[in-house]
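Subject: A structure for you to look at

Hi,

Here is the structure I promised to pass on. Have a look at it first, then read on for what turned up.

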Amino acid sequence: MTSRKYCIKTETLAQLAKALGHPARISIMRFLAKRDTCYFGAIHEELPITKATVSQHLSALKEAGLIQGEIETPKVKYCINRENWEYARQLFQEFFDATLCEKESCCNRRQTECHQVYLNDRGAKEEGEAKEK
């Protein structure tokens, strides 16, 4: 069996989506987008998580190239990597602007019904998780 490789744009988009795949990371990106630069402490104060966890999320965003950090001993300041931010925006735009097939839905239900099933399944899962704790 031959291994298939994905094109670089597809791999990059997947890496960006993974990097943005946590609510804390989305919050960090929104926070940084409103500022030129920001120190780690200010980012930590915005989030309801430990410093170690904030650091892990910043590392993931930095590894994906969405943010950059600069050491100003003893502090570290962060900002959005504007060039990569623009490239990410373009990749996501291309992805979401892709033409969908003409069929109304992927199944026999209308889109709103499919969405409601997803919401119901998700709500049931969250309720089950809450009861287990």
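An open sheet is built from 3 strands in the order S1-S3-S2, with antiparallel pairing. Strands here are DSSP E runs of at least two residues and helices are H or I runs of at least four, numbered from the N terminus; two strands pair if DSSP finds at least two bridges between them. At the edges sit S1 (38–39) and S2 (67–72), each pairing on one side only. S1 is joined to S3 (residues 75–80) by 2 bridges, and Tyr39 stands opposite Lys77 in S3.

Please keep in mind that this is a predicted model: local features need pLDDT of at least 70, side-chain atom pairs count only at pLDDT 80 or more, and totals for chains, interfaces and linings use all residues. Residues are numbered from 1 along each chain as its sequence is written, and side-chain values use heavy atoms, leaving out hydrogens and water.

Next, the core. The largest nonpolar core has 19 residues, and Ile28, Leu32, Ile43, Leu58, Leu66 and Ile67 touch the most other members. Such a core is a set of buried Ala, Val, Leu, Ile, Met, Phe, Trp, Tyr and Cys residues joined through side-chain atoms within 4.5 Å, where buried means under 20% relative accessible area (1.4 Å probe, protein chains only). H2 gives the most to this core, with 4 residues. Leu32 touches Cys38, Ile43, Ile67, Tyr78 and Ile80, not counting residues up to four places away in sequence; contact means heavy atoms within 4.5 Å.

Enjoy exploring!

Terms used:
Buried means under 20% relative accessible area, exposed over 50%, partly exposed in between (1.4 Å probe, protein chains only).
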